[in-house]
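The following briefing is intended for a reader who has the sequence and the coordinates at hand.

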Amino acid sequence: MTPQTDIIKKRYDRIAPYFDRIESMMEKMMFGDLRARIWQQVKGENILEVGVGTGKNFAYYPANKTITAIDFSPVMIQEAKKKRINLSLDVELLEMDVQALDFSDNHFDCVIGTFLFCSVPDPEQGLRELKRVCKPGGEVLLLEHVLSTNKFIASVMQLLNPLTVRLVGANINRQTVKTVQACGFSSVEVLASSSHLVKLIKAIK
Ligand SMILES: C[S@@+](CC[C@H](N)C(=O)[O-])C[C@H]1O[C@@H](n2cnc3c(N)ncnc32)[C@H](O)[C@@H]1O
């Protein structure tokens with residue numbers, strides 16, 4: 001693990017016990033509906049969720065699928081395990097860095113991540129890993145906040161970025177659609193329910 005990855009991991013360890021409370025307002029106002037929309041796109045039987053965090057997506061997991069979920073923060077994984085018990089959910093939870101996934105090539109039908117690539121130190125490396133473990137023809141689905149296309153909002157986001165990285169490990173100035181496009185998928189689609197700030201991305205291997 002690189003020193004930068006270790007720093008970001010420790011930031012998520014630190015906020016994990018409070019994470020759901022920190023985001024509760026945004027979750028109600030913005031995220032819930034978008035989570036439902038991205039999970040509706042999931043196809044296939046063998047699914048990988050990357051950057052599972054405290055397990056906020058558990059409520060959207062489709063029934064009768066084999067789901068594995070990873071996160072590099074052991075404290076996030078602990079929180080997700082508590083939620084797994086409360087919901088009696090059958091999901092395998094593993095501590096793992098998305099930049100170096102411990103799965104064989106072409107293993108999953110679908111790989112999905114929500115609000116992850118704002119914090120991965122080397123997002124292109126992480127995205128190439130998602131592509132590697134996804135089966136040919138399989139989908140990589142992402143829900144990501146990105147740098148706004150509104151010039152004024154984008155300049156404020158650039159100014160605030162060092163602060164958000166320091167506080168919560170998240171970059172608010174990433175251009176994740178472009179990064180996905182650079183990874184050699186056979187197609188990359190930005191779904192219609194995207195906004196200037198939050199993108200739903202479907203990439204086919
Ligand atoms: C902003 S949180 C989002 C959590 C969850 N996906 C959600 O939608 O609520 C980002 C998550 O990604 C994890 N993460 C960041 N970089 C990672 C990496 N390189 N490998 C695995 N997990 C990572 C963090 O520990 C954290 O749980």
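**Briefing on the predicted model**

C118 is located in the loop that links β4 and α5. The model discussed here is a predicted one. With 21 C-beta neighbours inside 10 Å, C118 counts as buried, because the threshold for a buried residue is 20 or more.

**Surroundings of C118**

- Apart from its neighbours within four places in sequence, C118 makes contact with E144, H145, A170, N171, I172 and R174.
- D97 is 21 residues away from C118 along the chain, and the C-alpha atoms of C118 and D97 are separated by 14 Å.
- One of the contacts of C118, I172, also forms a pair of interest with L159: the two are 13 residues apart along the chain, and their C-alpha atoms are separated by 9.8 Å.
- L159 itself belongs to helix α6, which covers residues 151-168.
- L159 has 10 other C-beta atoms within 10 Å and is therefore exposed, since the limit for an exposed residue is 12 or fewer.

**Strand β4 and its partners**

- Strand β4 comprises residues 108-114 and is mostly covered, with 6 of its 7 residues buried.
- β1 and β4 run parallel and are joined by 4 bridges.
- Within this pairing, V50 has G113 of β4 as its bridge partner.
- β4 is also joined to strand β5 (residues 134-145) by 6 bridges, and these two strands run parallel.
- T114 has L143 of β5 as its bridge partner.
- Between β4 and β5 the chain passes through helix α5 (residues 123-133), and this β-α-β crossover is right-handed.

**Strands β2 and β3**

- Strand β2 (residues 66-71) pairs with strand β3 (residues 91-95) in the parallel sense, over 5 bridges.
- D71 has E95 of β3 as its bridge partner.
- Together with helix α4 (residues 74-86), β2 and β3 make up a right-handed β-α-β unit.

**Loop residues**

- N64 sits in the loop between β1 (46-50) and β2.
- Although N64 is not a glycine, its phi is positive, at about 60°.
- N64 is exposed, having 6 other C-beta atoms within 10 Å.
- K65 is likewise found in the loop between β1 and β2.
- With 16 C-beta neighbours inside 10 Å, K65 counts as partly exposed, because partly exposed residues fall between the limits of 12 or fewer for exposed and 20 or more for buried.
- Not counting residues up to four places away in sequence, K65 touches E45 and I47.
- The C-alpha atoms of K65 and R132 are separated by 21 Å, and these residues are 67 apart along the chain.
- S88 occupies the loop between α4 and β3.
- S88 is not a glycine, yet it has a positive phi of about 50°.
- S88 is exposed, with 6 other C-beta atoms within 10 Å.

**Overall fold**

- The protein chain contains 7 helices and 7 strands.
- Read from the N terminus, its elements follow the order α-α-α-β-β-α-β-β-α-β-α-α-β-β.
- The radius of gyration of the protein chain is 16 Å, close to the 17 Å given by the globule rule for 205 residues, so the chain is as compact as a globular protein of that length.
- Taken along the principal axes, the C-alpha atoms of the protein chain fill a box of roughly 45 × 40 × 35 Å.
- Of the 205 residues of the protein chain, 37% count as buried.
- Among contacts between residues at least 6 apart in sequence, 69% join residues at least 24 apart.

**Ligand surroundings**

- The ligand is surrounded by 20 residues, and the closest are Y12, G51, G53, F72 and S73.
- Helix α1 (residues 3-15) supplies the largest share of this shell, with 3 residues.
- By class, the shell around the ligand is made up of 10 nonpolar, 7 polar and 3 charged residues.

Note on methods. Residues numbered from 1 in each chain as written. Predicted model: local features only at pLDDT ≥ 70, side-chain atom pairs only at ≥ 80, totals over all residues. Near = placed C-beta within 6 Å. Nonpolar A, V, L, I, M, F, W, Y, C, P; charged D, E, K, R; others polar. Pairing = 2+ DSSP bridges. Right-handed = clockwise from strand over helix to strand, strands pointing away. Rg over C-alpha atoms; globule rule 2.2 N^0.38 Å. Contact = placed C-beta atoms within 7 Å.
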